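Please open the structure in your viewer and keep the selection panel at hand.

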Amino acid sequence: MSSQGTGTEPNLSEGKALVTVIGEALVDIIEDPRRGSTAPETHPGGSPLNVAVGCARLGLYTKLVTHFAEDPYGQLIAKHLENNGVETIVGGSQPTSTAVATLDDAGAARYTFAISWDINGASIPALAAAESSLHVHTGSISTVLSPGSKSVMGLLDGARHHATISFDPNCRPAISPDKAAARKQAEDFVAASDIVKASDEDLLWLYPDRTLEESMNAWLALGPALVALTRGANGPVLLSRSGRVDIPGETVTVADTVGAGDSFMAALISGLAQLGALGAAGRERLQRISQDELQALARYANKAAGITCSRAGANPPGPAELGPLAIPSYFLEA
């Protein structure tokens with residue numbers, strides 16, 4: 001039964017979702033010219049799938065509302081999610097999507113896609129998952145590609161009375177070349193969210209005539225409590241109404257950058273969960289997050305991204321590698 005309008009928080013002991021992620025699952029086909037004639041590698045991927053796996057590995061009970069088919073690529077995705085403890089709600093009827101990632105000399109990926117996004121047929125269980133969650137995350141292709149993008153906003157509307165919302169546009173110009181439309185859609189999701197995260201490439205593509213700082217402040221003015229910016233090796237910036245932190249990137253030997261931003265997002269959600277800043281009861285806590293807490297969150301999420309960059313594919317860390325959010329206990333409320 002839905003908890004919407006009851007004023008109660010989800011009870012995990014009843015098997016309800018702590019975190020629901022909504023968005024695409026696909027297979028990354030990684031072509032690395034640095035390996036010569038070696039055959040491409042295949043890895044389950046898609047930004048929302050990567051965030052779901054990252055959250056689950058960090059101990060959060062996680063569901064993923066997504067689409068994949070019962071084909072070989074879909075079976076690869078299903079096994080990956082099962083092995084990582086992510087429950088799935090699957091809709092749509094098209095073949096499993098793919099993304100060919102071609103790596104440059106620095107290991108950075110450029111993508112070409114064969115993708116569809118539709119969760120038709122899963123609307124009832126998807127809404128039940130969203131309405132029973134403490135936190136809902138979405139982003140990437142699922143928020144711009146019809147027909148599924150309208151369904152995503154509907155699920156957020158159903159969740160927002162009792163769940164915090166996060167969004168990462170993870171812009172793909174090859175999927176949404178109409179920049180004005182992509183900007184409008186991104187801003188609609190920013191306005192519906194409590195937490196937003198974007199890369200410097202996202203913001204520079206969406207707003208080529210603004211500085212990164214201007215774009216972050218403009219997004220904060222739309223309503224979120226926290227805006228996070230990732231800048232690759234230059235490190236992240238976190239901005240709230242109570243402060244701003246800017247830290248350098250992790251020093252790592254980069255295997256590739258696939259999934260690094262998604263690991264950052266998952267760790268940010270995990271860190272906020274550790275602060276008690278998720279869900280309706282945590283929304284006020286999120287609004288008054290301190291400078292010290294922002295610093296701790298930036299370091300925690302940055303470390304997760306660095307670990308992911310140090311190994312091939314979207315392979316986020318677990319708690320043994322990442323450790324807990326490092327913040328003095330006197331900043332935390334009982």
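The tour below goes through a predicted model, beginning with a helix and ending with a single side chain.

Begin by selecting residues 291-309, which make up helix 10. This helix has 19 residues and reaches 27 Å from its first C-alpha to its last, close to the 27 Å expected at 1.5 Å a residue. Because 14 of its 19 residues are buried, helix 10 is largely enclosed by the rest of the structure.

Next, select Leu238, Leu268 and Leu272, the residues with the most contacts inside the largest nonpolar core, which has 52 residues. Among the elements that give two or more residues to this core are strand 1 (19-22), helix 2 (72-83), helix 8 (260-274) and helix 10, and of these contributors helix 10 gives the most, with 10 residues. Keep Leu272 selected and show its surroundings: leaving aside its neighbours within four places in sequence, Leu272 is in contact with residues including Ile195, Leu226, Leu286 and Leu297.

Finally, select Thr66, which lies in strand 4 (residues 62-66). Is Thr66 buried or exposed? Thr66 counts as buried because its relative accessible area is 0%, under the 20% cut-off. Its side chain reaches the backbone oxygen of Gly23 at 2.7 Å, and the side chain of Thr66 also reaches the backbone nitrogen of Ala25, at 3.1 Å.

How values were computed: Residues numbered from 1 in each chain as written. Predicted model: local features only at pLDDT ≥ 70, side-chain atom pairs only at ≥ 80, totals over all residues. Heavy atoms only, no water. Helix = DSSP H or I, 4+ residues; strand = E, 2+ residues; numbered from the N terminus. Expected span 1.5 Å × (residues − 1). Buried < 20%, exposed > 50% of the residue type's maximum accessible area, 1.4 Å probe, protein only. Polar contact = N/O pair within 3.5 Å; in protein donor to acceptor, adjacent residues only side chain to side chain. Core = buried A, V, L, I, M, F, W, Y, C linked by side-chain atoms within 4.5 Å. Contact = heavy atoms within 4.5 Å.
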